[in-house]
Amino acid sequence: MTPAFSDGDMLAAVDLGSNSFHMVVARYTMGQLRILDRLRETVRLGEGLDGKGGLRADVRQRALACLSRFGERIRDIPPTRVRALATNAVRQLSAPQAFLVPAEDALGHAIEVISGREEARLIYLGVAHAQPPKPGQRRLVIDIGGGSTEFIIGRGFDTLERESLQVGCISSTRRFFPNGRLSRKRWREALTEVSAEFQQFATAYRMLGWHEALGASGTAKAIGEICAAMKLTKGAVLAPALPAVRDRLLQAPHIDEIDLPGLSDDRRPIIAGGLLVLEAAFASLGLDRMAVSKAAMREGVLYDMLGRGSGDDPRETSIRNMIQRYGIDDAQAERVEQTAVRLFDQVARDWQLGGDDLLMLGWAARLHELGLTIAHSGYHLHGAYVIEHSDIAGFSRQEQQFMAAMVRSHRRKIAKTAFDALPDRLLASARRLSLLLRVAVVLNRARETQPIPQLEAFAEGDTLVLKLDPRWLDSRPLLRADLESETGDLGALGLQLRLA
């Protein structure tokens with residue numbers, strides 16, 4: 001749980017992009033964020049992907065060295081005030097923990113992996129705060145990253161549509177110009193392929209419409225600077241300017257020989273893929289003009305942290321939406337949640353559970369019957385799958401996997417693989433919370449409206465000891481049988497339940 005902010009509090013956002021790693025450090029002052037420091041290093045993490053889910057050793061080391069330097073700057077900021085997010089390149093790894101564990105050690109803070117659509121939400125949030133939109137008007141934001149490109153239509157500070165495609169400046173340069181050679185024929189073929197990928201959402205976007213378009217991040221800024229240096233625009237990107245930039249770029253037979261005014265040496269190896277994606281976006285979406293934003297995902301992460309600390313947590317809205325969408329029995333969900341929280345409050349200190357754990361337990365309790373909308377048989381498995389694989393606004397992949405593991409384990413036999421997706425730092429709390437949820441579900445199996453009269457719990461090492469009113473329990477033989485079947489070793493949880 002992100003605590004409320006006080007004047008003078010420091011916070012930081014770290015963005016592990018496929019091209020560059022960014023970090024922004026800010027101070028919370030009088031309800032506003034004041035940027036104190038910005039760090040950026042070109043890491044090219046996406047360049048190290050081997051196509052089989054592996055990461056080249058030299059690129060891995062480059063990333064860890066960068067994170068170590070970032071970590072030095074934020075060493076004294078509390079963990080609750082730092083969010084580090086990994087995007088497309090880490091999403092592509094077959095064994096992300098092999099990279100994330102040493103990466104977290106280097107940074108000194110946890111690193112969360114987010115989905116493309118969550119990345120899109122945070123990008124829009126950053127742009128909207130940096131350049132507030134006009135009331136009631138819709139805005140299109142395009143962010144061409146190293147490995148993916150996000151397209152968002154939003155109004156105010158809320159997104160209406162979010163898409164993420166696996167085309168970016170690094171990935172597209174590697175895909176379409178693998179040997180570095182450039183030609184008009186290859187460009188036309190690549191433009192056709194990329195444009196075809198846009199068709200899955202372009203019609204819906206154009207029907208919804210927008211009043212202005214903004215480009216976020218390095219590629220948009222670089223192309224805007226090139227347009228200005230070529231005296232084609234004053235910094236925005238205009239549809240007539242793109243063919244001129246492309247023709248100038250294609251005068252070079254090889255990527256290493258690209259000569260574009262205003263283009264940095266750092267950006268030259270990947271500008272072809274970025275320009276290609278932007279040209280396809282302009283054509284597919286019918287764009288005439290795109291301004292360049294001063295903000296990107298990292299600023300969005302800071303404002304998202306402020307929202308979590310002020311009680312305006314987007315995750316809470318997402319949970320409410322899921323309860324409504326899947327027709328979950330709200331009254332039963334609330335009963336289970338209240339029981340789970342009663343148990344949590346009594347064992348939190350002994351089991352070293354904190355505020356974030358309480359949030360996760362409450363959300364899992366409210367969603368534990370989600371799978372019933374699919375089928376009663378194995379509904380805990382159906383629910384876990386939906387939670388893990390849905391795009392849920394506000395949640396990282398680890399958070400969704402955490403909730404999914406709890407939902408999967410709340411009934412029936414607990415699979416040995418239930419917690420495999422979680423990093424080691426989350427395993428102990430995930431297993432302990434799963435037991436609390438499991439007990440809460442059993443205690444509310446009859447769906448009685450009256451609260452449980454006596455519910456005492458305490459922890460003895462890895463054992464949860466439960467004490468109930470004997471007369472109340474004796475009048476419920478089915479419940480007693482259920483609880484007795486849960487006592488003893490709970491297998492994959494590595495915990496035990498005992499009735500006092």
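The model is predicted: local features need pLDDT of at least 70, side-chain atom pairs count only at pLDDT 80 or more, and totals for chains, interfaces and linings use all residues. Residues are numbered from 1 along each chain as its sequence is written, and side-chain values use heavy atoms, with hydrogens and water left out.

Helices (H or I, at least four residues) and strands (E, at least two) are DSSP runs numbered from the N terminus. Helix α6 comprises 25 residues, 184-208. From its first C-alpha to its last it reaches 34 Å, close to the 36 Å expected at 1.5 Å a residue; the expected span is 1.5 Å times one less than the number of residues. At Gln-199, α6 bends by about 55°, the bend being the angle between axes fitted to the seven residues ending at a residue and the seven starting there. After the helix comes Gly-209, with a positive phi near 80°.

The buried residues of α6 are Trp-187, Ala-190, Leu-191, Val-194, Ser-195, Phe-198, Phe-201, Ala-202 and Tyr-205. Here, buried means under 20% relative accessible area, exposed over 50%, and partly exposed in between, for a 1.4 Å probe and protein chains only. Their cover includes the strands β6 (138-144), β7 (149-155) and β8 (158-165), together with the helices α5 (169-176), α8 (241-249) and α9 (271-285).

Of these elements, α9 packs against α6 at an angle of about 45°, with the two axes 8 Å apart. Axes are lines fitted to C-alpha atoms, for helices over the stretch in contact, and angles run from 0 to 180 degrees between N-to-C directions. The two helices are therefore oblique to each other; angles under 35 degrees count as roughly parallel, over 145 as roughly antiparallel, 65 to 115 as roughly perpendicular and the rest as oblique.

Helix α9 itself has 15 residues, which should span 21 Å at 1.5 Å a residue, and its end C-alpha atoms are 21 Å apart, in agreement. Because 14 of the 15 residues are buried, α9 is largely enclosed by the rest of the structure. Just after α9, Gly-286 takes a positive phi of about 65°.

Residues including Leu-122, Ile-123 and His-129 in α4 meet residues of α10, among them Met-297, Val-301 and Tyr-303.

Some loop residues complete the account. Arg-412, in the loop between α15 (397-408) and α16 (424-443), has a positive phi of about 60° although it is not a glycine. Arg-412 counts as exposed because its relative accessibility is 55%. Arg-447, in the loop between α16 and β12 (455-460), also has a positive phi, near 60°, and is a residue other than glycine; at 34% relative accessibility, Arg-447 counts as partly exposed.

Gly-53 lies in the loop between β3 (32-42) and α1 (57-73) and is buried, with a relative accessible area of 15%. Leaving aside neighbours within four places in sequence, Gly-53 is in contact with Gln-92, Leu-93, Ser-94 and Ala-95.

Definitions and conventions. Contact = heavy atoms within 4.5 Å.
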